[in-house]
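This report asks how the chains of one assembly are arranged and where they touch. The entry is shown first, and the description follows it.

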Amino acid sequence: MNSVKHIYSNPIPIEELAQYAQATLQGSSDVLISGLSHLEGATCGDLSFVVKPKFHEAARSSQAAAFLTIHPIPDDPRPQLICPNPMLGIVMLAQKYFSPPLPQRGIHPSAVIGHDVRIGPDVSIGALVTIGARAQIGSGVTIYAGVHIGEDTVIGDDSILYPHVSLLTHCILGHRVILHSGTVIGSDGFGYAQHEGCHQKVPQLGNVVIEDDVELGANVTVDRATFGSTIIKQGTKIDNQVQIAHNVVIGEHCIIVAQVGIAGSTQLGHHVMIGGQAGLVDHLTIGDQVRIASGAGVTNHVESHHTVGGRPAVAHNTWRKAQVLQYQLPEMRNELRALRKEVEDLKQRLPKPSSPPLPT
Amino acid sequence: MNSVKHIYSNPIPIEELAQYAQATLQGSSDVLISGLSHLEGATCGDLSFVVKPKFHEAARSSQAAAFLTIHPIPDDPRPQLICPNPMLGIVMLAQKYFSPPLPQRGIHPSAVIGHDVRIGPDVSIGALVTIGARAQIGSGVTIYAGVHIGEDTVIGDDSILYPHVSLLTHCILGHRVILHSGTVIGSDGFGYAQHEGCHQKVPQLGNVVIEDDVELGANVTVDRATFGSTIIKQGTKIDNQVQIAHNVVIGEHCIIVAQVGIAGSTQLGHHVMIGGQAGLVDHLTIGDQVRIASGAGVTNHVESHHTVGGRPAVAHNTWRKAQVLQYQLPEMRNELRALRKEVEDLKQRLPKPSSPPLPT
Amino acid sequence: MNSVKHIYSNPIPIEELAQYAQATLQGSSDVLISGLSHLEGATCGDLSFVVKPKFHEAARSSQAAAFLTIHPIPDDPRPQLICPNPMLGIVMLAQKYFSPPLPQRGIHPSAVIGHDVRIGPDVSIGALVTIGARAQIGSGVTIYAGVHIGEDTVIGDDSILYPHVSLLTHCILGHRVILHSGTVIGSDGFGYAQHEGCHQKVPQLGNVVIEDDVELGANVTVDRATFGSTIIKQGTKIDNQVQIAHNVVIGEHCIIVAQVGIAGSTQLGHHVMIGGQAGLVDHLTIGDQVRIASGAGVTNHVESHHTVGGRPAVAHNTWRKAQVLQYQLPEMRNELRALRKEVEDLKQRLPKPSSPPLPT
């Protein structure tokens, strides 16, 4: 099936790319680049990248037109852009030259927009978008087809909402926030008071605040606070199908991988990293730069800079040792049985405890 | 960023709130309440609540205008509403006075409604809703923008469907059901017959029946039955991102926390509670008032009133002991090695088994 | 509440069903069948099925009008269709005679269709569907209400997209693909380059390719590749709420149960089966016909034909033994303590190590 690599750009002279990526061009400057690719997938016209010398062989057999590399690739005549961080270089070039274009600016006539909505300049509001009364849409915002925006919401500049996002009433997005398809911001928190065997719904009267440069994946859910705000602070990136309960506060620049669940009122510091499918119970305090292994079940507070794993989560080393040893349980049990037998044998071969002790 | 606490109500005299919550007013009655809040977030005009004496100090330093409390807060001049269950009181007041208003009644002109649809009085059908032929919508129902309702569905009175719910053909909702955004009711069950290395789809011919007063969170999925019905009985509350497979039956007044998965044909009794991220395999029978710990993997039937945890799930006490001891495995192995060594030493110091036994 | 069993078909003579299912009719041919059901739910007019003799008693007390069965049911006067694989027979009959009809053919006037879209014959495009520019829709395709199809996508013949699917730009679906509601195809992969404490978004320039006869459940997410394609090969079936990260390749005829997560660039062979809630880390190679137990956490490559389970996943037998023994940890620890005490006692009863050894 056909590839989509070359769709986003007219060919760019390699010298221009070298200059923008602050890289040193080695070899011919007479090459045009029309796309980016990893080494195996590269075809003619592609710029590829090499982050370690061990990939030099793969580079030589790649069909790329040129390379962005930390060390020069020996014995290869193709142009090379030498720079200290090729991955960052490729990101810069991709963002500048090779990203898919934003959709056409303007408001599609099929969008349904409530009263007193304020809309900044240079927005793109797609087909069949619904925007509730009094919402505020910043400049440069892109709202794809079928998005729903509730009443009294605020969306900062240059944010992007992909198709079928539900951003519910009174929630607040900062600038450059990205919400992927199917994500729900501002659903009710899960709170009930017990009364005569029934669960009485606690009205969820707060909202969700998402700060600048946050990205949320597809089908994420972020519940509104009971009172006050559920908060995701700036620069945090969250993968698909993550669940954030009411009154959670997530610090700056965290990374939360897919299918994680964070229960109510738990607070995370900055630069926390959480692996896929981990779960955090409610009302925890997780410090700064904490790392939580994938699949962990966190049931206690974690101090800053610690790494934890396992269910229940404990210090990383403790968890790793126990993880390995669980599979030696059969041997341990057999050894226990063997020892029991030998101790019984030894007991048989010794005088009975009621006898006088052996002379020493 | 701004708060949303005071948006929902005109100020209410505290005496009216005391009367409605069946609480005894102590202190001045000359106060108007314009919102509810927890102690830390409260500002002037807020009523807050105190469920235990240990929060009296936090109450005294809170900026709330008044308190709903089980015991009088000493040394605080502000009005206090004394009642036996402050949490239930706050819920009653929130439901009555401080909940967000339902959207405007009526049918938005952009809604697409099929033939022979029956719609009760006092409904709100939002922008760009689609309703299939022969659906029945009860009185007082609220359907937010972008909801899809399939053919031949039935929705009971006063139910609320948030934006982007998919309620598919032939499914039946009771009264006062709440479905949050992105939730899918009536997707096909996951069933295939094997035939020559391929998976032949088993048509899923049943439906989903959701009884009165059920609430489902955001991005929940409930599959339709192969034959018959997948059933969620009255009063059950289900959190975000829960998966309910075909032919599952969930009893009355259950609580199912986020990211739980329940496999096909498993049946739950009433008042079952399931912690987040637990999984239940197919064809299980779970009794009444069973409690399943978060993260558990249930592979066997569970009798009524039992509490289970772990993977595979076992009795709660058994699981908790094993959970703690898993992290003592390194010490246990070291102790085993030490014992082995000592037993070998002892053997050396005893006559060989072939020798006559020591005199006793 | 009412059943939906008989809605899909006019009554069919049982002889016609016998012929189509290649079954031998035993008993009266003078019966009309109007629906299919399992034994307990069957009512008059239903054909039910019996896969094992142990269900003969349940069959005799069922109200079904007739049975599809591998062995004749003794002492039952009702017509019986004898065939070697009743489950496959029921699937064939359900697909042919008793499946819900596809929605009306044609393009709903409220659909918003971009420029240069190519649409094959005999399609059904529902209300409020949005289709981006240059998309290609094959013949016989069914697109339910509220689906979004991005620019430059390709959809093969006879595929079905349920309400609120998001199929994003440049993705490619084969023939007879089924996507259930809320599923997102082509969201950005989760990739960032670290730069001075911030996470720089790596543009995700690839797409998703889904081959023929693949079915994805509700609220599934499949991320587009960074470069190249995320691929799901033909005949694979994926349950609800599964997460497939960027650059994953899933082989032919796999079965992936609900809430599984597969991290970036991991590759699966053909006929792999993954139980619910399992997780696979990134960059793994999983061979053909591998079986992964539900809840497993796979952190290493798995060779073809192996079965693994546990966190971290190991060979099935190793995991099962350890799983059972984890709950014997308290007994093992007690046994260790008892042995320690007895060894100490034995040492007391033996000469001190500094003494000369016992004569042998």
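The sections below take up the symmetry, the domains, the sheets and the contacts of this predicted model.

## Relation between the chains

Two copies of a chain are related by a rotation about an axis and a shift along it. For chain C and chain B, superposition requires a turn of 120° with a shift of 0.0 Å along the axis, and it leaves an RMSD of 0.1 Å. That is the relation of a three-fold axis.

Chain C is laid on chain A by a turn of 120° and a shift of 0.0 Å along the axis, with an RMSD of 0.1 Å. In this pair the copies use different surfaces, since 19% of the contact residues of chain C recur in chain A.

## Domains of chain A

The domain assignment divides chain A into domain 1, covering residues 12–98, and domain 2, covering residues 106–318. Taken over C-alpha atoms, the centres of domain 1 and domain 2 of chain A are separated by 37 Å.

## Sheets in chains A and B

Chain A has an open sheet of 12 strands with mixed pairing, in the order β8-β11-β14-β17-β20-β25-β28-β31-β34-β37-β39-β40. Its edges are formed by β8 (106–107) and β40 (314–315) of chain A, and because each has a single partner strand, one side of each is left without a neighbour in the sheet. Within this order, β17 (residues 160–161) and β20 (residues 178–179) of chain A run parallel and are joined by two bridges, and L161(A) stands opposite L179(A) in β20(A).

Other strands of chain A pair in the parallel sense as well: β18 (residues 166–167) is joined to β21 (residues 184–187) by two bridges, with V184(A) in β21(A) as the bridge partner of S166(A). The strand β21(A) is in turn joined by three bridges to β26 (residues 221–223) of chain A, again running parallel, and here I185(A) has V222(A) in β26(A) as its bridge partner.

At one end of the order, β9(B) pairs with β12 (residues 130–131) of chain B in the parallel sense over two bridges, where I113(B) stands opposite I131(B) in β12(B).

## Contacts of chain C

Towards chain A, 62 residues of chain C are in contact with 62 residues of chain A. The elements of chain C that give two or more residues to this side include the strands β21 (184–187), β22 (192–195) and β26 (221–223), together with the helices α4 (316–325) and α5 (329–349). The largest share, eight residues, comes from α5(C), and by class this side of chain C has 27 nonpolar, 26 polar and nine charged residues.

Towards chain B, the contact takes 63 residues from chain C and 63 residues from chain B. On the side of chain C that touches chain B, α3 (86–98) and α5 of chain C each supply at least two residues, and α5(C) gives the most, with 10 residues. The residues of this side divide into 31 nonpolar, 25 polar and seven charged.

## Helix packing between chains

Which residues bring α4(B) and α5(C) together? K321(B), A322(B) and L325(B) in α4(B) meet L329(C), P330(C) and R333(C) in α5(C). The helix α4 (residues 316–325) of chain B packs against α5(C) at an angle of about 60°, with the axes 8 Å apart, which makes α4(B) oblique to α5(C). The residues of this contact divide into four nonpolar, no polar and two charged.

Between chain A and chain B, the axes of α4 (residues 316–325) of chain A and α5 (residues 329–348) of chain B come within 8 Å and cross at roughly 60°. The two helices α4(A) and α5(B) are therefore oblique to each other. In this contact, K321(A), A322(A) and L325(A) in α4(A) meet L329(B), P330(B) and R333(B) in α5(B), and the residues divide into four nonpolar, no polar and two charged.

Note on methods:
Residues are numbered from 1 along each chain as its sequence is written. Chains are lettered from A and ligands numbered from 1 in the order in which they are written. This is a predicted model: local features need pLDDT of at least 70, side-chain atom pairs count only at pLDDT 80 or more; totals for chains, interfaces and linings use all residues. Copies are superposed by least squares on the C-alpha atoms of residues with pLDDT of at least 70 in both. Two strands pair if DSSP finds at least two bridges between them. Helices (H or I, at least four residues) and strands (E, at least two) are DSSP runs, numbered from the N terminus. Two residues are in contact if their C-beta atoms, placed from the backbone, lie within 7 Å. Ala, Val, Leu, Ile, Met, Phe, Trp, Tyr, Cys and Pro count as nonpolar, Asp, Glu, Lys and Arg as charged, and the others, Gly among them, as polar. Axes are lines fitted to C-alpha atoms, for helices over the stretch in contact, and angles run from 0 to 180 degrees between N-to-C directions. Angles under 35 degrees count as roughly parallel, over 145 as roughly antiparallel, 65 to 115 as roughly perpendicular and the rest as oblique. Domain bounds come from an automatic or database domain assignment.
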